[in-house]
Amino acid sequence: MSLNTFLTTIMISVVATSATGCASWKLSEPDTVAVHPFLPHPAHVAKVCVIRTSVLEHGVTFVSRDNGVLVGATRGPTYFCYYAEPGDHDLSIEADAWASARLRAEAGGSYYLKEEVAVEGGKVRGLGVWVDEAIARSLVDDSEYAVLVGAPEREHLPGTLPFAPARRRS
């Protein structure tokens, strides 16, 4: 085998492995919304919705965690919602580079995090910006509801009604 053939084979292998890692996150757009962004929800929990409308880097999956718990993901103009225990929450948005947002959730409250897309140094980053319900309504109109249905083996998929506990104080 020539050196060029060997190097080409390695490059194809690396690209295939990289693509497989990204492709392991799978989203589905179900007909019904499990946690609706604007309908009432149980009074003892908060509701958090993550909304992405940008078509920039639409093929990149943004994985969201709340206090380390996988709660959902977006790809292109999509959104999802989950329930959160009242208290402090550290949210992360994971793409090529990570971003974070903080929240002090109150029982019965509804919170809307708009994911903005930035490309910095060739890396895609999702930036979280909290918005009010009026803005969230227009953002949801420009996106589709999606749920995370596939993840790498080491991950635990969110349930039908995703839930994130509050951060425990040490």
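1. His 41 touches Ala 46, Lys 47, Tyr 83, Gly 108, Gly 109 and Ser 110, leaving aside residues up to four places away in sequence; contact means heavy atoms within 4.5 Å. The model is predicted: local features need pLDDT of at least 70, side-chain atom pairs count only at pLDDT 80 or more, and totals for chains, interfaces and linings use all residues. Residues are numbered from 1 along each chain as its sequence is written, and side-chain values use heavy atoms, with hydrogens and water left out.

2. His 41 sits in the loop between β1 (26-28) and β2. Strands are DSSP runs (E, at least two residues), numbered from the N terminus. His 41 is buried, at 17% relative accessible area; buried means under 20% (1.4 Å probe, protein chains only). A polar atom of the His 41 side chain lies 3.3 Å from the backbone oxygen of Val 45.

3. Is β5 enclosed or open? Seven of its seven residues are buried, so β5 is largely enclosed by the rest of the structure. Thr 78, Phe 80, Tyr 82 and Ala 84 point one way, while Tyr 79, Cys 81 and Tyr 83 point the other. In a regular strand the side chains alternate between the two faces of the sheet.

4. β5 has several partners. Strands pair if DSSP finds at least two bridges between them. β2 and β5 pair antiparallel over six bridges, with Val 48 opposite Tyr 82. β10 (residues 144-145) runs parallel to β5, joined by two bridges; here Thr 78 faces Glu 144. β12 (residues 163-164) also pairs with β5 in the parallel sense, over two bridges, and Tyr 83 stands opposite Phe 163.

5. The largest nonpolar core has 19 residues. Such a core is a set of buried Ala, Val, Leu, Ile, Met, Phe, Trp, Tyr and Cys residues joined through side-chain atoms within 4.5 Å. Val 48, Phe 62, Tyr 82, Leu 91 and Leu 103 have the most contacts inside it. β2 (46-52), β5 (78-84), β6 (87-94), β7 and β8 (110-120) each give two or more residues to this core. A second, separate core of 14 residues includes Cys 49, Tyr 83, Tyr 112 and Tyr 145.

6. An open sheet of four strands runs β4-β3-β6-β7, with antiparallel pairing. β4 (69-75) and β7 (98-105) are at the edges with a single partner strand each, so one side of each has no neighbour in the sheet. Six bridges join β3 (residues 61-66) to β4, and Thr 61 stands opposite Arg 75.

Terms used:
Buried means under 20% relative accessible area, exposed over 50%, partly exposed in between (1.4 Å probe, protein chains only). A polar contact is a pair of N or O atoms within 3.5 Å; within protein, one must be able to donate a hydrogen and the other to accept it, and residues adjacent in sequence count only if both atoms are side-chain atoms.
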